[in-house]
Amino acid sequence: EDSLTRKGSRIEVLLLLSAMASFASWLVGMACETCGIDAWLAPFRSTRRLYSIMRLGREALVRRWSSTRLNELINQLRHPSPQLLDQLGAPA
């Protein structure tokens, strides 16, 4: 409905692009949280997370905050931190 198309193949491509963008936002959000960039969005100090990882990643991409290199992001995927595994619900 939002894409104004009725072709299945076009919707599949749009869904794939959306999934890839979400994954990129999540990955950059995890990198920013690891680097402490998540504090830049906080209007006040808090012990709990104020923004989701996805939102943090999206803001970092839009504002070009992340200076993390692609190799570092891939390395985080290969050797995930305990926090990442906890978020995914995977056993350590």
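Predicted model: local features only at pLDDT ≥ 70, side-chain atom pairs only at ≥ 80, totals over all residues.
**View 1. The overall fold runs α-α-α-α from the N terminus.** You will find four helices and zero strands here; helices (H or I, at least four residues) and strands (E, at least two) are DSSP runs, numbered from the N terminus. Of the 92 residues, 22% are buried, meaning under 20% relative accessible area, with exposed over 50% and partly exposed in between (1.4 Å probe, protein chains only). Among contacts with a separation of 6 or more, 66% join residues 24 or more positions apart; a contact means heavy atoms within 4.5 Å.

**View 2. Helix H1 (residues 8-35) packs against helix H2 (residues 53-63).** Their axes lie 7 Å apart at an angle of about 90°; axes are lines fitted to C-alpha atoms, for helices over the stretch in contact, and angles run from 0 to 180 degrees between N-to-C directions. The two helices are therefore roughly perpendicular, the term for angles of 65 to 115 degrees. Residues making the contact include Trp26 and Met30 of H1 and Leu56 and Arg58 of H2. By class, the contact has 10 nonpolar, four polar and two charged residues. Here Ala, Val, Leu, Ile, Met, Phe, Trp, Tyr, Cys and Pro count as nonpolar, Asp, Glu, Lys and Arg as charged, and the others, Gly among them, as polar.

**View 3. Phe23 sits in H1 and Arg58 in H2.** Phe23 counts as partly exposed because its relative accessibility is 42%, whereas Arg58, at 53%, counts as exposed. Arg58 and Leu27 are 9.9 Å apart, C-alpha to C-alpha.

**View 4. The largest pocket is lined by 14 residues.** Closest to the pocket centre are Asp38, Ala39, Ala42, Ser46 and Arg48. The lining has seven nonpolar, two polar and five charged residues. A pocket is an open set of points on a 1 Å grid over the protein atoms alone, where a 1.4 Å probe fits, with protein on both sides within 12 Å along at least five of seven lines; lining residues have an atom within 4 Å of a point.

How values were computed. Residues numbered from 1 in each chain as written. Heavy atoms only, no water. Parallel < 35°, antiparallel > 145°, perpendicular 65-115°, else oblique.
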